[in-house]
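Reader: Hi! I'm new to this one, could you walk me through it?
Author: Happy to, let's have it on screen and start there.

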Amino acid sequence: MNLSRQLLASNNENSLYYDLLRQIQEIDPSKEGGNQKMVEFFDQLEKEYPNSSNIRRTRLIYVSNEDFVKRIDTYIRPYFIKGLPAIFSEIKGILNTKERQTAFEQLLLAHEKSLAEKGTFNGETEVQSPCPLLWCYMVLAQLYDHMKKYDTAMEYIEKVYATALFGGLANVF
C-alpha cells in the first residue's frame, strides 16, 4: 500500500494509481454496497488531495442519484467561474442515464435562470461576473446536443453568441 500512496503523492491525477490503491484495499464496486464504499474511498482521497479534479470527477460515477446533483454542482461551479470550455467533455460519460441527464439539465436550468435574473448561482447570494452564465449556456447547448435535442442546442448556441457579442463579453475573447 505504501508504494501506491507514493505513486499518488507523485501524481494524484493518474487514475491507475488510485485504482491500484482501491484494489489493495479490496474495494469492489461490483459487490453490494460497493458504490458507497467507492464514494467513501474517493472522499478520503479528496481530503488528502483536495486539488485533484480527477478524484472529484471519478467519484461522480459512484454517487447515488440522490447525491448526484449536489456533487456535480460542486464539481462544475469552479469551472463555470474560471471558464473551462472542456467541462462537458469531462463529464458526459457520467451522464450515462436519462435520470442523471434530466437531473443535470434541471440543475443547469436553475443556474441559468438565477444567473440571468440575479447574477448569482441558484441558491447563492454572491454575484458573479457574466462569464458563468455564458458557460452555463455552453454546457446546456452541449447537453442538449448529447441528448439529441438539436433545436434546443441551437437556441443555446445563439444565446452564447448574443451574450458574448452583445452582453459585454466581447473583450473577454
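Reader: Thanks! Are Y75 and Y79 buried or exposed?
Author: Y75 is buried, and Y79 is buried too; buried means under 20% relative accessible area, exposed over 50% and partly exposed in between, with a 1.4 Å probe and protein chains only. Keep in mind that this is a predicted model, where local features need pLDDT of at least 70, side-chain atom pairs count only at pLDDT 80 or more, and totals for chains, interfaces and linings use all residues. Residues are numbered from 1 along each chain as its sequence is written, and side-chain values use heavy atoms, with hydrogens and water left out.

Reader: Good to know. How many aromatic pairs does the structure hold?
Author: Six. Rings of Phe, Tyr and Trp (its six-membered ring) pair if their centres lie within 6.5 Å; planes under 30 degrees apart count as stacked, over 60 as edge-to-face and the rest as tilted. Y75 and Y79 form a tilted pair, 5.3 Å centre to centre with 55° between the planes.

Reader: Where do Y75 and Y79 sit?
Author: In helix α5, residues 65-82; they are four residues apart, so about one helical turn separates them. Helices (H or I, at least four residues) and strands (E, at least two) are DSSP runs, numbered from the N terminus.

Reader: And which pair is stacked?
Author: Y144 and Y156 form a stacked pair, at 5.7 Å centre to centre and 25° between the planes. That pair links distant parts of the chain, with Y144 in helix α8 (residues 131-146) and Y156 in helix α9 (residues 150-166), twelve residues apart. Y144 is buried at 5% relative accessible area, and Y156 counts as buried at 8%.

Reader: Nice. Back to α5, where does the kink lie?
Author: At I76, shortly before the proline P78, and the kink is about 25°. The bend at a residue is the angle between axes fitted to the seven residues ending there and the seven starting there.

Reader: What do the buried residues of α5 pack against?
Author: They pack against α3, α4 (53-59), α6, α7 and α8. F80, leaving aside neighbours within four places in sequence, is in contact (heavy atoms within 4.5 Å) with residues including I87, L108 and W135.

Reader: Last one: what comes after α5?
Author: G83 follows α5, and the phi of G83 is positive, near 80°.
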